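Here are my notes on this model, point by point. Please read them with the structure open.

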Amino acid sequence: MFGQTATPTPPTTDRGLEDLDAAALAYAARIEGLPPERRQEARDDLVRFALPFAGRLARRYRGRGEPLEDLEQVARLGLVNAVDRYDPERGSFTAYAAITIVGEIKRHFRDRTWGVHVPRRLRDLILEVGQATATLTSELSRAPSVAELAERLETPEEEILAALESAAGYSPASLNAPVGGESSAEFGDLVGESDNALESVDDRVTVSGLLHRLPWRERRILAMRFYGNQTQAEIAARFGISQMHVSRLLSRALTWLRQAMLAEAPPPWQNGAAETEPAKARISVRQNGDRVVVEVGGEVDRAGADQLRRAVLEAVTGQPREVVVDLVGAGGFDAGGIAALMAGRDAAARTGVPLRLTRVQPAVRRSLTAAGLPAAD
């Protein structure tokens, strides 16, 4: 704030303060009748002369967490204010300057050095608690208790505790400070973050339970669309249906899920009129000469899997020339349906009866291939 050049040597005798008062009186007399530009020169001379005095006051507050250079700058600011407001008729300049400089330093500690916002009343109490702690420690030869501090300051213990806790906000630790040792981790790495996904836990659990109430095809389409990020066209190709049909199935499934989540009891799933029959597994067996044809339609879920298993096993045990499983009307197989076909294949291998899967839809073909069940065109 102020340079160090042209600073006169301060007095070192016991008359130093008297010399400062005399210099201030001489300054007041000197500026009488001077134009503003000349007054500035006289003002600067007095400030330079009093700089050592401001420095001594600043050094009284060192060791309290603030750099001495900052405290000296604040003290010099207080000195300038004292010079500008000095009135010889009000008494000693030294006393007035000391009060102004110390007040500026205390204001700096109160308003500028806190790492977090603390109310002014509490900051003043923190200073009082610090002074009382030092005094009581000297008197008791130990650290004082909260009750003893409250008695000395005539303040409720709750406010003393609040002051002690708030004092930690004066110099908070940096989040970029190293944890310690040879680790490169910082304190910020140890601080947890808000998990926004926690707010959706209830919805996720609810949706998970409701998905199991949907038919197999709708569950599969939802998984492919929202977990597999597949387009409606890709889903339609896998199921052998139109893209418009996929759009209707998605819309109906999502509408049902929204209604089920808002209702106390999930509403029953309603299939479309045209899909009521195809949604259920249809198993029929017919004799075609020396061959047995097992026709499968709809979606083969757990309930239809038992019916399919019985039909295939009965056809194989009759020892025909060939067993053909016609899957042209099958829209989907769950794990139970795939297991039923594998049981038929194993039975056919034991009896030596050929088993052939024909007219398989694209979506079903992929499932059969993954299970090791080759299908003929």
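1. The protein has 14 helices and four strands. This is a predicted model. Of the 377 residues, 34% are buried.

2. Contacts and surface next. Take the contacts between residues at least 6 apart in sequence: 59% of these join residues at least 24 apart. The accessible surface is about 22700 Å², and carbon and sulfur atoms account for 51% of that surface.

3. The largest nonpolar core holds 30 residues. Phe 53, Leu 79, Val 83, Phe 93, Ile 101 and Ile 105 have the most contacts inside this core. Helix 1 (16–30), helix 2 (36–59), helix 3 (68–85) and helix 4 (93–111) each give two or more residues to the core. Helix 2 gives the most, with nine residues.

4. Ile 105 deserves a look. Neighbours within four places in sequence aside, Ile 105 is in contact with Leu 57, Ala 58, Tyr 61, Leu 71, Val 74 and Ala 75. Another core, of 26 residues, lies apart from the largest one. Its members include Leu 308, Ala 311, Ala 348 and Leu 368.

5. The count of aromatic pairs is three. Why is the pair of Trp 256 and Trp 269 edge-to-face? The ring planes of Trp 256 and Trp 269 stand at 75 degrees, with centres 6.0 Å apart, so the pair is edge-to-face; the cut-off for that class is over 60 degrees. Trp 256 sits in helix 11 (residues 243–262), and Trp 269 in the loop between helix 11 and strand 1 (282–288), 13 residues apart.

6. Trp 256 is buried at 6% relative accessible area. Trp 269, at 17%, also counts as buried.

How values were computed. Residues are numbered from 1 along each chain as its sequence is written. This is a predicted model: local features need pLDDT of at least 70, side-chain atom pairs count only at pLDDT 80 or more; totals for chains, interfaces and linings use all residues. Side-chain values use heavy atoms; hydrogens and water are left out. A nonpolar core is a set of buried Ala, Val, Leu, Ile, Met, Phe, Trp, Tyr and Cys residues joined through side-chain atoms within 4.5 Å. Buried means under 20% relative accessible area, exposed over 50%, partly exposed in between (1.4 Å probe, protein chains only). Contact means heavy atoms within 4.5 Å. Accessible areas come from the Shrake-Rupley method with a 1.4 Å probe; for residues, only the protein chains shown count as cover. Rings of Phe, Tyr and Trp (its six-membered ring) pair if their centres lie within 6.5 Å; planes under 30 degrees apart count as stacked, over 60 as edge-to-face and the rest as tilted.
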